[in-house]
Amino acid sequence: MENEEDINNLFISKLIEKSLFTNRQIQIIYNFKNKEKRPMDISSGAYYREVKQSKIKMRKFFYSILLLNLINVVNDNQITALSSMTNKLRILVDSHAKYHDKEINNVINVMEDLINRIIDM
């Protein structure tokens, strides 16, 4: 890993692996949200179909969080912990320091531990 973009891509790839979204869905959500051009390897019809599917998936994700909170499966402290983790990850991704695969794996491991503790609360 030589440059920051490669490091961020590695980090983001590891997060995508553990998420509900596919790499393609994240790419489409990112492009659409940032008003970037659609990838050339996908037709406009397929692109907008995937945008719609991705929006539906995001909507279901947010409703799931609300539902889990209302039935006391996820509490406010857990949501606060996730928000705090997101803020710290954003600082990590935005920093100009160089990171190696091992350090990124350590961050992922810490995240997994925290998420496991949140689930077990």
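Q: In this predicted model, which residues does Ile-108 contact, leaving aside its neighbours within four places in sequence?
A: The model is a prediction. Contact here asks for heavy atoms within 4.5 Å. Beyond its neighbours within four places in sequence, Ile-108 is in contact with Phe-11, Lys-14, Leu-15 and Lys-18.

Q: Which residues make up the largest nonpolar core?
A: In soluble globular proteins, nonpolar side chains tend to be buried together. Ile-108 belongs to the largest such core here, and so does Phe-11. The core has seven residues: Phe-11, Met-85, Leu-89, Val-93, Ile-104, Ile-108 and Met-111.

Q: Which elements give two or more residues to this core?
A: The core includes Met-85, Leu-89 and Val-93, along with Ile-104, Ile-108 and Met-111. Helix H4 spans 76-94, and helix H5 covers residues 101-120. The elements that give two or more residues are H4 and H5.

Q: How many residues does the second, separate core have?
A: This core stands apart from the largest one. Among its members are Ile-42, Ala-46, Tyr-47 and Val-51. Its size is five residues.

Q: Are H2 and H3 roughly parallel or roughly perpendicular to each other?
A: Two packed helices are described by the angle between their axes and the distance between the axes. The axes of H2 and H3 come within 9 Å and cross at roughly 95°. Angles of 65 to 115 degrees fall in one class. The two helices are therefore roughly perpendicular.

Q: How many nonpolar, polar and charged residues does the contact of H2 with H3 have?
A: From H2 come Arg-24, Gln-25, Ile-28, Ile-29, Asn-31 and Phe-32. They meet Tyr-47, Tyr-48, Glu-50, Val-51, Ser-54, Lys-55, Lys-57 and Met-58 in H3. By class, the contact has seven nonpolar, three polar and four charged residues.

Q: What separates the C-alpha atoms of Met-58 and Ile-29?
A: Met-58 lies in helix H3 and is partly exposed, with a relative accessible area of 29%. Leaving aside its neighbours within four places in sequence, it is in contact with Phe-21 and Ile-29. Met-58 and Ile-29 are 29 residues apart along the chain. Their C-alpha atoms are separated by 9.5 Å.

Q: How far apart in sequence are the parts that Lys-18 and Glu-112 tie together?
A: The side chains of Lys-18 and Glu-112 meet in a salt bridge, 2.4 Å from N to O. Lys-18 lies in the loop between helix H1 and H2, whereas Glu-112 is in helix H5. Lys-18 counts as exposed at 53% relative accessibility, while Glu-112 is partly exposed at 29%. The parts are 94 residues apart.

Methods. Residues are numbered from 1 along each chain as its sequence is written. This is a predicted model: local features need pLDDT of at least 70, side-chain atom pairs count only at pLDDT 80 or more; totals for chains, interfaces and linings use all residues. Side-chain values use heavy atoms; hydrogens and water are left out. Axes are lines fitted to C-alpha atoms, for helices over the stretch in contact, and angles run from 0 to 180 degrees between N-to-C directions. Helices (H or I, at least four residues) and strands (E, at least two) are DSSP runs, numbered from the N terminus. Angles under 35 degrees count as roughly parallel, over 145 as roughly antiparallel, 65 to 115 as roughly perpendicular and the rest as oblique. Ala, Val, Leu, Ile, Met, Phe, Trp, Tyr, Cys and Pro count as nonpolar, Asp, Glu, Lys and Arg as charged, and the others, Gly among them, as polar. Buried means under 20% relative accessible area, exposed over 50%, partly exposed in between (1.4 Å probe, protein chains only). A salt bridge is a side-chain nitrogen of Lys or Arg within 4 Å of a carboxyl oxygen of Asp or Glu. A nonpolar core is a set of buried Ala, Val, Leu, Ile, Met, Phe, Trp, Tyr and Cys residues joined through side-chain atoms within 4.5 Å.
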